[in-house]
Amino acid sequence: MAQPALASNASGIVPSDAALVLAARAGDSCAQESLFRRYLPLALGLSQRILGHHGEAEDVVQDAFVEAMGHLERLDNPQAFGAWLRTIVVRRVRKHLRRQQLLNRLGLRTAAPIDLDALIAPTAPADLVQELRAVYGVLARLPPEQRVALVLRRVEGLELGEIAAQMDLSLATVKRRLAAAEARLAQARAKL
Amino acid sequence: MTTPKQHPSAYVLVDTSSARVDRLWRAVHGRLQASARPRARRGVWYVPALALSVALAFGAGLLSRRLPESGWAKLATANDGVTVQLQDGSALTLGAQTSLLVREQAERVVELALELGRVECDVSHLPQRAFSVSAAGHAVLVKGTRFSVELSRERHVLAVEVQRGQVEIRRTGATGAEAVLGAGERWSVPLETSASTPQPPPAELPPSVDPSADVASSTTASAAPGVSAPAPAARSSADVSAAPPHRERAAPVPAESGARTLFDRGNAARRQGDLAGAAHAYEQLLHEYPADARAGLAGFELGRLRMDQFGDAPGAITPLQLAVRVVSEAGLREDALARLVHAFELTKELARCRAARAEYLEAYPKGTHVLAVVRSCGGE
């Protein structure tokens, strides 16, 4: 496969996100590919950690990249592509979860359980495995907004302000969502 | 000593194998291309290779299509234009009152014959495929470009206009080029009389007419089936008057459009591995449109090509200096300045190298390339 333009070069200088974004804006598909390859792990990881399913995560990530690449002109600071992409992924995940919730309610879809053995690395320390199992065990019962907030907090380890920014919610709203999700998590843990 | 515990997210397995990444990129790239493709005014019809027999007759907005078994296609419009997509991805936009023969559509050759009217061709770049449009004793040969051919009965003129890329015009049967047109150029030749030009297709098809019969009659009148059958309009160069062809710049190309064309041409050439062509396009952009917003990026790309691909560090200095000077976006300017330091180091211009290094470190003390820059210019 041909090396994407601007991906790397003989002098070892790797182009910045800004350079790639500007080139991609100008229609350079090689720069688009470079951005995609640079940020796919971030986007796919984030999507998969919230959704818990590989296939659904792929769908969301595809949509997120198509949206991002198609609207690069909206990005005020090209160097901030990664952070911007995260917000798009989070928004797409929320939309995906809301749609699934509706289909579930209409009886048009049955939620598949998350395969925790396939999701959690066998090298994870025991206490983290317990934490992850508790979080993912309760996710399916949470409304989309609470689910996203809980994963961003408990799995991604984001601060409240960062969660508010990525979910485009006020800090107070994020606190309410998290409080509700944490209460459900505590109930689930108490039953164990 | 204990190993610091990683964050929970590090223990959620995510498959980022190259096979998965490649597969996802193909999917995303395909969607991006599809969304970037211009929409047809009245729809797009795909013409697969095995369905070269497609014959379309459009009358007053009423579509009449039949698929008789034969080895070629005739496309004709009445009062509305239409866009047709060929199997190789090329798009043909036919104007109103246009008649076009698809005489050959194969992996290595696409031959069209314009009988009347106007066709705009957005030709996908396939190096091994020859694409030609013949009309009134001339053939327009292209590789990958966007251009239009017009054969006007009222104005007695054959005109070719290039929006992107380059085309070559030859007289039918001749081996040499009569003209080579670049982006923004227009070429025309007057026709002697309108008597030899075919009549336009019927404006409206009677509903009672059997479409197959209609197609058969129209195709019989225009050309015998087969690749070698000449289009009526291309029967003889005698159709064309002795008046010399007229070549001109088309309506002045706006600077923005011209710079974009050059920038796109450079990018496309680079993607196709034509690095010399890419460098030439970037050079031309810098020469003709130094004030354009793309000049900085073109300078950066030209410098990068010269340094990395052509081993021409001295030649990279000027475009990189330009990029550093005109680019306002911090990340790109930082990249250009880091490269400039490296170029001075390669050319052993240590004083200039150190000056550029100092400029970089002052502007970007926590920059992406600090380590590489600090070690450059002899590391002093």
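Buried area is the accessible area that two parts lose on being put together, summed over both. I wrote that down before looking at how the two chains meet, and I kept in mind that this is a predicted model.

**Entry 1: where the chains meet.** I looked up the area buried between chain B and chain A and found about 4200 Å². Carbon and sulfur atoms give 65% of that area. On the chain B side, Tyr11(B), Leu13(B) and Trp25(B) lose the most area to chain A, together 16% of what that side buries. I also noted the contacts: 41 residues of chain B touch 55 residues of chain A.

Entry 2: Eleven residue pairs between the chains are in polar contact. Next I asked which helix gives the most to the side of chain B that touches chain A. My note reads H1(B), with eleven residues. That side of chain B divides into 16 nonpolar, nine polar and 16 charged residues.

**Entry 3: chain A by itself.** I counted nine helices and zero strands in chain A. Of its 192 residues, 53% count as buried.

Entry 4: I picked helix H1 of chain A, residues 17-25. Seven of its nine residues are buried, so this helix is largely enclosed by the rest of the structure. Among the buried ones I listed Asp17(A), Leu20(A) and Val21(A). Just after H1(A), I spotted Gly27(A) with a positive phi of about 100°.

Definitions and conventions
Residues numbered from 1 in each chain as written. Chains lettered and ligands numbered in written order. Predicted model: local features only at pLDDT ≥ 70, side-chain atom pairs only at ≥ 80, totals over all residues. Heavy atoms only, no water. Buried < 20%, exposed > 50% of the residue type's maximum accessible area, 1.4 Å probe, protein only. Helix = DSSP H or I, 4+ residues; strand = E, 2+ residues; numbered from the N terminus. Contact = heavy atoms within 4.5 Å. Buried area = accessible area lost by both parts, 1.4 Å probe. Polar contact = N/O pair within 3.5 Å; in protein donor to acceptor, adjacent residues only side chain to side chain. Nonpolar A, V, L, I, M, F, W, Y, C, P; charged D, E, K, R; others polar.
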